[in-house]
Amino acid sequence: MTDRYAVLGHPISHSKSPLIHRQFAEQTGQDISYEAIDAPLDGFAAMIERLRGEGYRGCNVTVPFKFEAFKLCAQLTGRAQAAQAVNTLFFRDGKILGDNTDGAGLVTDIEQNLGFRLLFKKVLLMGAGGAAHGVIWQLFNAGASIVVVNRTPEKAQKMVEDFASYGTVFASSYEGLAGKQFDVVVNATSSSLSDALPPLPPGIFSANSLAYDMMYGRDTPFLKFAREQGAAKLSDGLGMLVEQAAEAFCKWREVRPETAPVLAALRQG
Ligand code: ATR
């Protein structure tokens, strides 16, 4: 019997997740189906109930439903609890269980695909919204020390207070970054969506630094700035997308797919 999965979001038509999961399934010989479902803004919980009723085994959740998904779960992994958001649901024994694989996706992409170790590295995490919350715990787990910078500094401060028990973390305003340098700068803001550049001061990248934009599919103002500022390595978020999917697939199916061929195929378009 084919096990059914889906990704729920709004909008969802652009999602590459069905393509990625179908390639994982083919590669590992898993008998699953995976489709994209556009859930109405006020109908996420009802859609989840419908899928459970139809015997689906789980689903991925994307913008804007990750916080709502979190609230529906009877049980959470530690990393989902820390993120206060869920991107992977399991429908098991009549219960909804939740995990968050976004941070693992980012860290695996940085460490394994880009070959950049995070242990004791200084990471600047830009943004204090859902995307930043989703990855900060895993950055701590990889041994990085973190500065959170946000346009609205109070939100960065609140996030730092919430995560202070996990590791070394400070909050900053963009002006407060003047004269500081980082090994890794992660853009977890939504600035790229409006082709805006967060107000980073010049000289922010240390030698051999990595500039990582969680957005994918275009040369963002942040990546252009990083190139001009001499960042040693640049990356968009396509690898993170594939790696978070692999982590979810692995938790659902208990088999880890190869990500390199899937990422290469997506890069070729
Ligand atoms: P997401 O789920 O993508 O994180 P979000 O929760 O709305 O979306 O958060 C968006 C983040 O991007 C916020 O940290 C926001 O900063 P504010 O808290 O000050 O709003 C940040 N952001 C959006 N546009 C930005 C810009 N042009 N420059 C800097 N930060 C920006």
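I began at Ala6, which stands opposite Cys59 in β3. The model I am reading is a predicted one.

**Strand β1 and its partners**

Strand β1 covers residues 3-9 and β3 covers residues 58-61; the two run parallel and are joined by four bridges.

I then turned to β2. It pairs with β1 in the parallel sense, over seven bridges. As one example, I noted Leu8, whose bridge partner in β2 is Ile37. Between β1 and β2 the chain passes through helix α1, residues 17-28, and I recorded this β-α-β crossover as right-handed.

Is β1 enclosed or open to the outside? I found six of its seven residues buried, so the strand is largely enclosed by the rest of the structure.

**The sheet**

I traced the strand order as β2-β1-β3-β5-β6-β4, an open sheet of six strands with mixed pairing. The edges are β2 (32-38) and β4 (75-76); each has a single partner strand, so one side of each lacks a neighbour in the sheet.

Which helix lies across β1, β2, β3, β5 and β6? I identified α9, residues 238-253, which runs at about 10° to β5 (88-92). Strand β6 is residues 95-99.

**Cysteines**

I searched for disulfides and the count is zero. Cys73 is in none; its nearest cysteine sulfur belongs to Cys59 and is 9.3 Å away. A disulfide would need the two sulfur atoms within 2.5 Å. Cys250 is likewise in no disulfide, and there the nearest cysteine sulfur, also that of Cys59, is 18 Å away.

Are Cys73 and Cys250 buried or exposed? I put the cut-off for buried at under 20% relative accessible area. Cys73 has 14% relative accessibility and therefore counts as buried.

**Helix α8**

Next I checked α8, residues 221-228. I listed its buried residues as Pro221, Phe222, Leu223, Phe225 and Ala226. In an α-helix, residues three or four places apart point the same way, because there are 3.6 residues a turn.

What covers the buried residues of α8? I found that the cover includes four strands: β7 (122-126), β10 (182-187), β11 (205-213) and β12 (233-235).

My last entry is Gly230, which follows α8 and has a positive phi, near 80°.

Technical notes. Residues numbered from 1 in each chain as written. Predicted model: local features only at pLDDT ≥ 70, side-chain atom pairs only at ≥ 80, totals over all residues. Heavy atoms only, no water. Pairing = 2+ DSSP bridges. Contact = heavy atoms within 4.5 Å. Axes fitted to C-alpha atoms, helices over the stretch in contact; angles between N-to-C directions. Buried < 20%, exposed > 50% of the residue type's maximum accessible area, 1.4 Å probe, protein only. Right-handed = clockwise from strand over helix to strand, strands pointing away.
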